[in-house]
Amino acid sequence: MAIKKSDLYSSLWASCDQLRGGMDASQYKDYVLFMLFIKYITDKYADSDDFAPPVVIPPGASFKDMIALKGKSDIGDKINTQIIGPLVNANARLSKSDFPDFNDPNKLGEGKDMVEKLSNLIGIFQKPELDFSKNRAEHDDILGDAYEYLMRHFATESGKSKGQFYTPSEVSRVIAKVVGISPDNTNARTTAYDPTCGSGSLLLKVAAEAGKPPINLEGQEKDVTTAGLARMNMILHDFPTATILSGNTLASPKFKDGENLRTYDYVVANPPFSDKTWSTGLTPGDDAYQRFVWGEPPAKQGDYAYLLHIIRSLKANGKAACILPHGVLFRGNAEAVIRQQLVRSGYLKGIIGLPANLFYGTGIPACILVIDKENAPARKGVFMIDASKGYIKDSNKNRLREQDIHKIVDTFSKQADVPRYARMVAFDEIADPKNDFNLNLPRYIDSSEPEDIQDINGHLNGGIPERDLDALADYWQVLPGVRASLFASLRPGYAQLTLPLAEVKPAIFRHAEFTAFNTQATERFQGWRDATTPQLTGFGKEGHPKALIETIAEDLLNTFKPAPLLDAYDIYQHLMDYWAETMQDDCYLISADGWVAQPTRIVETDKKGKTKDKGWVCDLIPKPYIVARYFAEEQAAIEAKQAELEAVSASLAELEEEHSSEDAIFSGYDNINVAAVKDRIKELGKDSDGADELKVLKQWLELGNQISMLKKQIKEAETALDQLAYDKYPKLSEAEIKTLVIADKWMAHLSAAVQGELDRVSQTLTGRIRQLAERYATPLPLLEDEAAALAVRVAEHLKKMGVVWP
């Protein structure tokens, strides 16, 4: 039985984090990722029949050999000498500096502490589900995703100064897509380069967009350990021929053809923001590679130094995308001179403004500069996107959602103007003296929400301004009759509601136009559902979940793009959220085991080794879906009993409250319970004066008995239903399993999400109408009359009290 993908990642992280102890996450990651690396190459290449496998594993240097070292007093030294040493000697692309020191007592502790820590770390990667021998890097690379998961967590834990080894995967995906690479324009000779490659995630996202055959990847990284991480990452992601070299790219570029910088088809980069030491080891005015002919960047601000290196590293029709801080768009002096040259060259195809606090090294907002040398002389302007408001809060960082990524990429690829979001800005506008080549996005795109202007005439004389109603034009285009039925003209330019406020929402819901709008949207979803269900039922063992979600999500987005009043990207996000929460795990289970729904018992073992059965679960088809489809009557009977129990419990509570005031029957009880009540009944005996009290006490006992009996009946019925459901699983046919998963679980959830979006349309419209109606409901003269009337009443009250108010 396959483990859920999300459980695998979270348990991997939890185990690693638990072992970390006091070690800094930025250092500990090197040990964990080496373990992932050695496990992967062992699974993939240890028994390889290839004549020349990409990675050679010498005898005695595999993960299996590491397992044999567990518990040995010299485990750290043996890993260094028997595993890492031979691996480095057998593979020219690897170097000793790529790997951490497994015999470092300062990081791993001494003696027994080190032995235990390393033995436990090896144990984590012995999990049978971590089997990468059938790793499908081109489709559903469980290893690559595990690596991304660990890297994100390590970056989060590493603090401000040490999280820069990792570019968030969402930003990497945007860059890989907007740079324009695809299977249609790449071949085995296509080259991609990252001059500040960190752990290599950006390069790998570009390679993924290019598809097969694999393109040539080259990268340089200043930090020696991070460069080693990148080399391992390339092998982990099935790009063992990628070349990653360490060194300072600006002072000593490693990739050259003769004495010139090597040029590439694609360059991507996330350089260190505002690098204050960029010119160390370099004389910018006498640069051997003529990178600074447009101007010399400021000594304490290296952003343009990296950008100029990138431009110089591009072929004549090359394309690049680079993440830089917003300051590059508007800072003056030397940077203004370079920026003017950049714009005039025509190389700058676009600017994408990103939300603040996306990156691990800094909280400042950044932007993506997209460079395209092809057709540069014919370029008429710069396409700008302000995507700063599209994100979700994720712990202490912000993160791009799937809909944000898709919207950026769609808008950029179409180069289409979108109000308050994107527009093509002509060079003439940028060069105009009032802008003077300042590229700050708010100059060209006003992304702020329109101001909600108060209407003085409306406040003075009443009435809702027609201008405010006209601003709801998107609604009235679809629902013109709704406007006509809700509003009547009060005077020129002002309208009034024809219904009481409480009746507005029901009136919208009942209106034929809104019903038609609802029906059309529901039919759109039904059409997508009908087209998608065969794809889902056809999915099975060895299927590719990522390919599946990409197809069905694109279809859903395209289905709802023409739908009025609905944001197709919001609906798309519902699917992507559900994929991340539930559907992805389901599809990976199906991919591993086929359409099998097998419940598993939850057995807990205490410290004494005693086991306890805590019930059962089934991830693919949880119990409520079985109950709803096959045992609805039994469930309804339980619910009826629960309703009866609630009613009796309410009666008991009411009885206690009624007789709990001072000197009442229950006032003297510390705790009203069966024993206390029975004792009191005994005390009363046949005393006729206590007849009323006796009646109440017996009523309390009767209600208590009913509650106990109902609880017992419910428990018995629930136990019986639980067994019925458990026994049903083995009897399910594959067709029944597919119906339960696809129709009852997946589609029912998505249908509810679409209905929620439809409800939001009516709620937003109703909310705005209510706001306007309440705002202008009481004009000034009426307020003055009310104030005067109240003043008269106050004066009368004061007069009665003997006070005369002047």
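Modeller: Of the 806 residues of the chain, 48% count as buried. The model is a predicted one. Its secondary structure comes to 28 helices and 18 strands, and the C-alpha trace spans about 110 × 80 × 60 Å along its principal axes. Among the contacts with a separation of 6 or more, 74% are between residues 24 or more positions apart.

The part to look at is helix α11, which covers residues 303-312. Two packed helices are described by the angle between their axes and the distance between the axes. Angles under 35 degrees count as roughly parallel, so α11 is roughly parallel to α12. The crossing of these two helices is left-handed.

On the α11 side, the residues that meet α12 are Tyr-304, Leu-307, Leu-308 and Ile-311. An α-helix has 3.6 residues a turn, so residues three or four places apart point the same way. On the α12 side, the residues in the contact are Glu-335, Ile-338, Arg-339 and Leu-342. Sorted by class, this contact has six nonpolar residues, two charged ones and no polar ones.

Helix α11 also has a sheet beside it. This is an open sheet of nine strands with mixed pairing, in the order β3-β2-β1-β6-β7-β9-β8-β10-β13.

Two of the touched strands, β6 (residues 264-269) and β7 (residues 314-325), pair with each other in the parallel sense over five bridges. Within this pairing, Ala-269 has Cys-322 in β7 as its bridge partner.

The loop between β6 and α11 holds Gln-290. Its phi is near 50 degrees, a positive value in a residue other than glycine. Most residues other than glycine have a negative phi, and most peptide bonds are trans. Gln-290 counts as partly exposed because its relative accessibility is 40%.

Some other places in the chain can be set beside this. Asp-436, in the loop between α14 (427-431) and α15 (456-461), has a positive phi of about 50 degrees although it is not a glycine. With a relative accessibility of 53%, Asp-436 counts as exposed. In the loop between α9 (201-210) and β2 (216-221) lies Pro-213. A cis peptide bond joins Lys-212 to Pro-213, with omega about -5 degrees.

Helix α8 (residues 169-178) is mostly covered, with eight of its 10 residues buried. The buried residues of α8 include Val-171, Val-174, Ile-175 and Val-178, and Ser-169, Glu-170, Ser-172 and Ala-176 are buried as well. Just after α8, Gly-180 takes a positive phi of about 95 degrees.

Technical notes: Residues are numbered from 1 along each chain as its sequence is written. This is a predicted model: local features need pLDDT of at least 70, side-chain atom pairs count only at pLDDT 80 or more; totals for chains, interfaces and linings use all residues. Side-chain values use heavy atoms; hydrogens and water are left out. Buried means under 20% relative accessible area, exposed over 50%, partly exposed in between (1.4 Å probe, protein chains only). Helices (H or I, at least four residues) and strands (E, at least two) are DSSP runs, numbered from the N terminus. Axes are lines fitted to C-alpha atoms, for helices over the stretch in contact, and angles run from 0 to 180 degrees between N-to-C directions. Angles under 35 degrees count as roughly parallel, over 145 as roughly antiparallel, 65 to 115 as roughly perpendicular and the rest as oblique. A crossing is left-handed if the near helix is turned anticlockwise from the far one by less than a right angle, and right-handed if clockwise. Contact means heavy atoms within 4.5 Å. Ala, Val, Leu, Ile, Met, Phe, Trp, Tyr, Cys and Pro count as nonpolar, Asp, Glu, Lys and Arg as charged, and the others, Gly among them, as polar. Two strands pair if DSSP finds at least two bridges between them.
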